[in-house]
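Here's a quick tour of the fold, from strands to helices to domains. Have the structure open as you read.

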Amino acid sequence: MATTIKTQNFPVMGMTCAGCAISVETMLAAQEGVKQAEVNYASQSVKLSFNPELVKPQDFQKVLQGVGYDIIIDEENAQEKQEEVQQQAYHSLKHNFILAAILTTPIVVIGMFLMDMPYANELMLVLSTPVLFFYGRSFFINAYKQAKHGKANMDSLVALSTGIAYIFSVFNTFNPHFWHQRGLHPHVYFEAAAVVIVFIMLGKLLEGRAKSSTSTAIKKLMGLQPKTVIRLGARGEEEVPISQVQVGDLILIRSGEKIPVDGRVTEGNSFVDESMLSGEPIAVAKQADDIVFAGTINQKGSFKFTAEKVGEHTLLAQIIKLVQDAQGSKAPVQKLADKIAGIFVPLVMLIALLTFAIWMLFGGEHAFTQGIMAMVTVLVIACPCALGLATPTAIMVGIGKGAEQGILIKDAEALEAGHQVNAIILDKTGTITAGHPQVQQVLWSKAALNKLETYEAVLLAMEQQSEHPLAEAIISHLKQKSLPTVQPRQFNSLTGLGVEAVFEQETYVAASHKILQQQNLAIADDLQQQLLALKEQAYTLVYFANSKEVLAVVAIADEVKEGSREAIQQLQQQGIAVYMLTGDNEQTAKAVALQTGIQHYQADVLPADKAAFVDKLQQEGKVVAMIGDGINDSHALAQANVSIAMGKGSDIAIDVAKITLVSSDLRLVPKALQLSSHTVKTIRQNLFWAFIYNLIGIPLAAGILYPFNGFLLNPMLAGAAMALSSVSVVTNSLRLKYLTS
């Protein structure tokens, strides 16, 4: 019996740095039954794949609570609960910060300007004690919980640094003679300890506000769904909560109202703003039988519609889940940052001890006091927060911006890979063309005209069982006639060719011209002449034949979509080679290529050939993006480095693809690739600044310049710099929201 693995996202509470994220991930991954654990520090969440028969969410909670963290177990309202807890924590932090800052101000004044006043040290001791151990108590509590389990995080660095400075100052306050006997002045550093606590609290406040901005896309999407809805029933209109809406309910939508669930218009007409789902700014006309989506806004007029998808099954709910999952995923570049963050805190502690030891050996007269301060400064300035935020914040903003434009990115890996694409393969029907082919002409052979109605009925019955987009055009054309219903004895789908069926001992095919050669089918002379004219007009041709000869040729046309040419030109201007693969005939492929400016194309391509072509380009060293909309594109989509599905395509294609374009507008492809490029650039900038900050800051804090110019970094400045480093990384990521592509 196969093992059932469940994947679920849990909000994590209590993480304060990238080191915490590593600890949480390590502890959860070590639990029996856990297949994979991925912690996202920026979104404060963990994605767990686990065997529910071996381990329960309560087990995860118990493990994390032991070291000061927690997870929220609530599949339906986890996001809301996390936001509520974070808001409470934010307001508590703000309250503590304000009071700590009020107490710290006189400490700084005394420490900097009034050190010789009577009882200066005692007064600073009284003022700084509540700053450290009441308003800043969370640092010490968390550090203690970590230490109990042999772990360390940013709180450990803060608690160690401020604790050492405080204890050293208390000793000097009550034992000044210890230093006087050795000819030294007993310095105190109450102001440094208090200011470091205040600055780090300020940094956490700024970081919290900035981080909340990175998930505005999700909040916007979640805010699109109304809380109540007007349902039409036997008792007339009634306003009910959206949770009570069932499939089949009749809903009334008035002008300006948001549409609550997915459904189909039954009465009335209007224009609906679908921009938040598709990125398309122009309102879409809706009339009877048109589909409407949850979260879109009715602009004018009112209409009634029948609910077809509710709750988690609506397109809006699926998009929200997709974006949430994507924002919680990890980009490959994150692995390097995680490895460094995992060893960072213990490494910093080692460097701090070495700093103290070197000062004691070579520091001269004030070796002990300056060694203590250098050690404290190293502990304060070396925070891995910026490192932990560098990648996930950029990914969250990038994926959120994509969602606002109608570009749904499934995971961080796809977003990161997009900027490397140098070859794009486009499917024709539904990707470059509108995907709404229409029958232009049907040529029947003279022999077939005698049984025309029967043959039309057979063709209709065959196409009704086909999944190919062209089948819909033929069905739509033949359904206009009152044809008798016939049932095939056998039906067979000829992959990439068409369909085959048996009616009353006779075998029929409706397929591309390849079938003519394979089955050695003849084309009557009267059809042959007219066929040449159809080919010259670049129609897609479907051949309908019995086991002996071609009975009819169906000419179908599918217009090139508005924007396809513009999108292809933009891609080519970006230096990307564009290829078109189609199962259609050479003439049609050539005509579409000419219209859109595509230089490389192949006609008569079977689905397996598309995947093979992707592989061929990859063997040549190209990073390939495949764009398609049909089931027949799924293999090639799975083979490509980056797969992009048209939102109006098949569910299978969307499921396989890593990126989905909701509106099926090809112009979103260059936007998606540019978004990837901007995001990767931002990640690199963030990682550079996070690394360079520590590479420069730690040696300065240790006193590397002291032998040359007597410079020693003040711990208070180190605290401010540490706080600003995280804020600068998050702010840099937020710039992505305002980039135009």
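Strands β2 and β3 (residues 45–50) run antiparallel and are joined by six bridges; strands here are DSSP E runs of at least two residues, helices are H or I runs of at least four, and both are numbered from the N terminus. This is a predicted model, where local features need pLDDT of at least 70, side-chain atom pairs count only at pLDDT 80 or more, and totals for chains, interfaces and linings use all residues. Residues are numbered from 1 along each chain as its sequence is written, and side-chain values use heavy atoms, leaving out hydrogens and water.

**The sheet**
- V39 has V46 in β3 as its bridge partner.
- The open, antiparallel sheet has four strands in the order β2-β3-β1-β4, with pairing meaning at least two DSSP bridges between two strands.

**A helix pair**
- Helices α21 (residues 564–573) and α26 (residues 668–702) cross at roughly 35°, their axes coming within 8 Å; axes are lines fitted to C-alpha atoms over the stretch in contact, with angles from 0 to 180 degrees between N-to-C directions.
- From α21, A567, Q570 and L571 meet V669, P670 and L673 of α26 (contact means heavy atoms within 4.5 Å).

**Domains**
- The chain splits into domain 1 (6–74), domain 2 (228–319), domain 3 (407–434 + 560–669) and domain 4 (438–557), with bounds from an automatic or database domain assignment.
- Between the C-alpha centres of domain 1 and domain 3 there are 38 Å.
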